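I opened this entry to look up the backbone geometry and then the contact between the chains. My notes follow in the order in which I went through them.

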Amino acid sequence: MKILMVDDSRTMRNIQKNVLKALGEPVHTEAGDGFEALTCVASQPDGFDLMLVDWNMPHMDGLSFVKRVREKDKATPIIMVTTEAEKGRVIEAIKAGVNNYVVKPFTPDQLLDRVKQTLAKCQAATAVAAA
Amino acid sequence: MSAVAVPPAPPPTPSLTTRLIVHFITSIQEVLGTMAHVTVTVGAPSLKKTPLPTYDVSGIIGFSGEFVGSMVLSFPQATAEALVSAFAGMPIAPDSPDFADAVGELANMIAGNAKTSFGGGTNISVPSIVLGSGHTIARLQDVPCMVIPCNTAVGGFAVEVNIKPRPTARPATGAK
């Protein structure tokens, strides 16, 4: 499984990596802002299986990154992992194309459950579309 | 061009300040409890009278939008080392770039979590980190800075909150 982690905090990326070890041995690609993340996406022709994206970052925020990704890729599961918990922000993120939302602070179980739930939903949607 | 007068914002009422401080206290306890497994006890908030931060390590977040101002997460060095290591799940030396990164992320989560209770329309900046004793922090002068003293099993720290509602722009009398 190839996972793109986009967060300006390396500490937060490391925490997420440790939690996601429970998924097996995922291959992580890391970016510190939206621009770096777009470069990662462009250099990964086969795409990623999952993206975890922070909202508040320098240079390009997570919402702008998600909008750019969704211009070409409607399928890759994207989870916003952020402190932005107001209802309006969550709606804004979902409209931009995120599949799920995790509010910081989170427990390892909360993050892992949300990731598993998102992957299962997206796989089911892909299967239905292919049928 | 219409003239627009921006009246000075009224100072926050005690009830507003109290409500905001409660949101920060809740956020401090939730963030450190969830991410660092540390129980935080909070003392009585007090008015800060100096631009010097309470301790040596400062994680600073700015607010803009419906509320403006700043929050400073202020640690003594030893407490910062213990808390960021608990947060990261591994020892982090103070001379490592990850030390400032972790302090910034804690500040980001505390401020972001607190502002969720402000009612929407408020944005937070990416964190700035200052390490070392004797630095000063510029704050809004027309609103009190409240200090929330916090204690944990690994030492004390403080959260300094200096925010107010955004001044409202109104058309001047006679403006068209």
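I began with the surroundings of His59(A) in this predicted model, and I counted 12 C-beta neighbours inside 10 Å. Because exposed is the class for 12 or fewer such neighbours, His59(A) counts as exposed. I placed His59(A) in the loop of chain A that runs between strand 3 (50-53) and helix 3 (62-70). I then read its backbone and noted that phi of His59(A) is near 70°, a positive value in a residue other than glycine.

I turned to chain B, where His37(B), also not a glycine, has a positive phi of about 55°.

I next looked up the peptide bond between Lys104(A) and Pro105(A), and I recorded it as cis, with omega about 0°. Pro105(A) belongs to the loop between strand 5 (100-103) and helix 5 (108-130) of chain A.

Last, I went to the interface, where 20 residues of chain B are in contact with 20 residues of chain A. On the chain B side, I found that helix 1, helix 2 (77-88) and helix 3 (97-115) each supply at least two residues, and that helix 3 of chain B gives the most, with nine. Sorting that side of chain B by class, I listed eight nonpolar, eight polar and four charged residues.

Definitions and conventions: Residues are numbered from 1 along each chain as its sequence is written. Chains are lettered from A and ligands numbered from 1 in the order in which they are written. This is a predicted model: local features need pLDDT of at least 70, side-chain atom pairs count only at pLDDT 80 or more; totals for chains, interfaces and linings use all residues. Helices (H or I, at least four residues) and strands (E, at least two) are DSSP runs, numbered from the N terminus. A residue is buried if 20 or more other C-beta atoms lie within 10 Å of its own, exposed if 12 or fewer, and partly exposed in between; C-beta atoms are placed from the backbone. Two residues are in contact if their C-beta atoms, placed from the backbone, lie within 7 Å. Ala, Val, Leu, Ile, Met, Phe, Trp, Tyr, Cys and Pro count as nonpolar, Asp, Glu, Lys and Arg as charged, and the others, Gly among them, as polar.
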